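Thanks for coming, everyone. I'd like to walk you through one model today, starting where two chains meet. Here it is.

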Amino acid sequence: MYVTHTFELPASTSTTVREELQFLPPSKLNIENVSKTFKTRTGPVQALDQVSLQVGEGEFVCLVGASGCGKSTLLNIIAGLEKPDSGTVTADGLRVSGPGRERLVMFQESALFPWLDVLGNVLFGLKMKPHLTSKDRKDVARYYLELVGLSKFERSNIHELSGGMKQRVALARALAPNPRMLLMDEPFAALDALTREQLYGDLQRIWESRRKTIIFVTHNVREAACLGDRVLLFSPHPGRIREEFIIKLPRPRDINSIHLAEYATRITGSLKGFKNGNGHIAE
Amino acid sequence: MKRLIFSILFFAGLVLIWDLVVRARIWSPVLLPSPVKVIEYLQTAVSDGTLWGAILITVRRLLIGYVIGLVGGIPLGLMTARWNVLHDTIGTLALGLTTLPSVCWVPLALLWFGQSEAAMLFVVVMGTLWSVVIATDTGVRHVPPIYRRAALTMGSKGFHIWLTVILPAAFPFIVSGMKQGWAFAWRSLMAAEIFVTILTGFGLGQLLHYGRELNAMDQVIAIMFIIVLIGLLADKTFFAPVERFLHRRWGTSQ
């Protein structure tokens, strides 16, 4: 059903590089009764209340909700960047206790390092793999730059790139260490509509060629319906998963298709029904 | 090219005006010697070796002290940024001491170390160290937390994050601190050399001092000129390329 591996490796590719690029089985994620409360100046805010969620291997799950509903907090907890007050997160049966490169995060604003060029950024995660030689690392990094269509820009400085290109580099950087799960925190929110549409296509293509489990946080309902196998709706104060939509549309999906619009309308309808759901929802 | 020509014309014009003022005989030539006199002094000082000797001694003192200041200041600044306890103690001390004109270290250095190289070095280190500490501390505190988080998820942690993320991210601040430290060190060393004659070597400051004692205005002006030249050279050959690199990478030029 899925196209595998759209890029041919050059014949000279070393075996370590081939191993490095092999397809690791995507992760399985299990979240049980996770709660998290933040202390703020106006008092405690319960960001997550008894949230449970199972994500299958290679599944593309979108978390949708108004701003402040705790979906980003959940993502950070899955990433290991924050600790839950109670409840557990296990990835492939192992408890998540801290950040690690099996679960890479791609952030909303580009978190690319301005002191490194494009190639240097993609290499960063690979430097933590001591068994690779520096040539191997470059081969791997270039493979991913080609995957996101930025081979020609490996020597560019970050500030020279457009917003869309930056997020492509960020995607390449997140993919390079071959994580089994990709966590994306509104990665396309700051981009213009046209660039975004292009990236929806790219992301679906890349996901199909390099099967990963993806958890994608967004407040854009259409985006979620376009990308996700499943769309989970969050309600704020306290953050809870309220509803689940399974999107049964063939891939690759076009953001402008009528079937997708039907799903989006239904999802938006549900979101509007939530109490306290007074945050902004993009259609 | 056009800018270079303008620049040359400007300095040639300055010398010309200077020469015209001397020819107008408004002031005694003892107080304002002609450019030719100054160049003549430089020629003799170069040929008998005094000038090179003095430059070598001064620059060596400066570089040794400066490097010690950097090697001490950058880690210290990282530490004050990392631990609030150190920020409130050493950081506050550093902030206080940067406001102290570095010339003020000279009397203390003399009493502690006597008329020795150690006194010179101490003054230079004190001039450099504190501004580097402050700049590094400020730089680290301005690093966006998202860089750290991104690095954490890519498997970097602890010392590795400090070395490969925090330090380079703070680099623009550190460079401006290094530049300030350089200026402070240069000023304080000149003050120390003018104040103190030490037998282990005559630096530029001492030549300046003897120029005054001998009423040799050509020497005074010539040495001042050399001091300015060294300052400019350090900026153009070291700091300017580094800053150009930073501007290019970060996209902060113009």
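Let's begin at the interface: 20 residues of chain A are in contact with 16 residues of chain B. In contact means that their C-beta atoms, placed from the backbone, lie within 7 Å. On chain A, two elements each give two or more residues to that side: strand S6 (103–106) and helix H3 (118–126). Helices (H or I, at least four residues) and strands (E, at least two) are DSSP runs, numbered from the N terminus. By class, the chain A side has 13 nonpolar, four polar and three charged residues. Nonpolar here covers Ala, Val, Leu, Ile, Met, Phe, Trp, Tyr, Cys and Pro; charged is Asp, Glu, Lys and Arg; the others, Gly among them, are polar.

Some ground rules. This is a predicted model, where local features need pLDDT of at least 70 and side-chain atom pairs count only at pLDDT 80 or more, while totals for chains, interfaces and linings use all residues. Residues are numbered from 1 along each chain as its sequence is written, and chains are lettered from A and ligands numbered from 1 in the order in which they are written.

Now chain B. What is its secondary structure? Chain B has 10 helices and zero strands. Its C-alpha atoms fill a box of roughly 70 × 50 × 30 Å along the principal axes. Of its 254 residues, 35% are buried. Buried means 20 or more other C-beta atoms within 10 Å of the residue's own, with C-beta atoms placed from the backbone.

Chain B splits into domain 1 (1–32) and domain 2 (37–250). Those bounds come from an automatic or database domain assignment. The C-alpha centres of the two domains lie 31 Å apart.

Look at helix H7 of chain B, residues 145–153. Its buried residues are B:Ala150, B:Ala151, B:Leu152 and B:Thr153. What covers them? The cover includes helix H2 (71–79) and S6 of chain A, together with helix H8 (159–195) of chain B. Just after H7(B), B:Gly155 takes a positive phi of about 95°.

Last, the sheet in chain A. Four strands form an open antiparallel sheet in the order S2-S1-S4-S5. Strands pair if DSSP finds at least two bridges between them. Strand S2 (43–55) and strand S5 (94–95) of chain A stand at the edges with a single partner each, so one side of each has no neighbour in the sheet. Five bridges join S1 (29–40) to S4 (86–91) of chain A. A:Ser35 has A:Ser86 as its bridge partner in S4(A).

Terms used: A residue is buried if 20 or more other C-beta atoms lie within 10 Å of its own, exposed if 12 or fewer, and partly exposed in between; C-beta atoms are placed from the backbone. Two residues are in contact if their C-beta atoms, placed from the backbone, lie within 7 Å.
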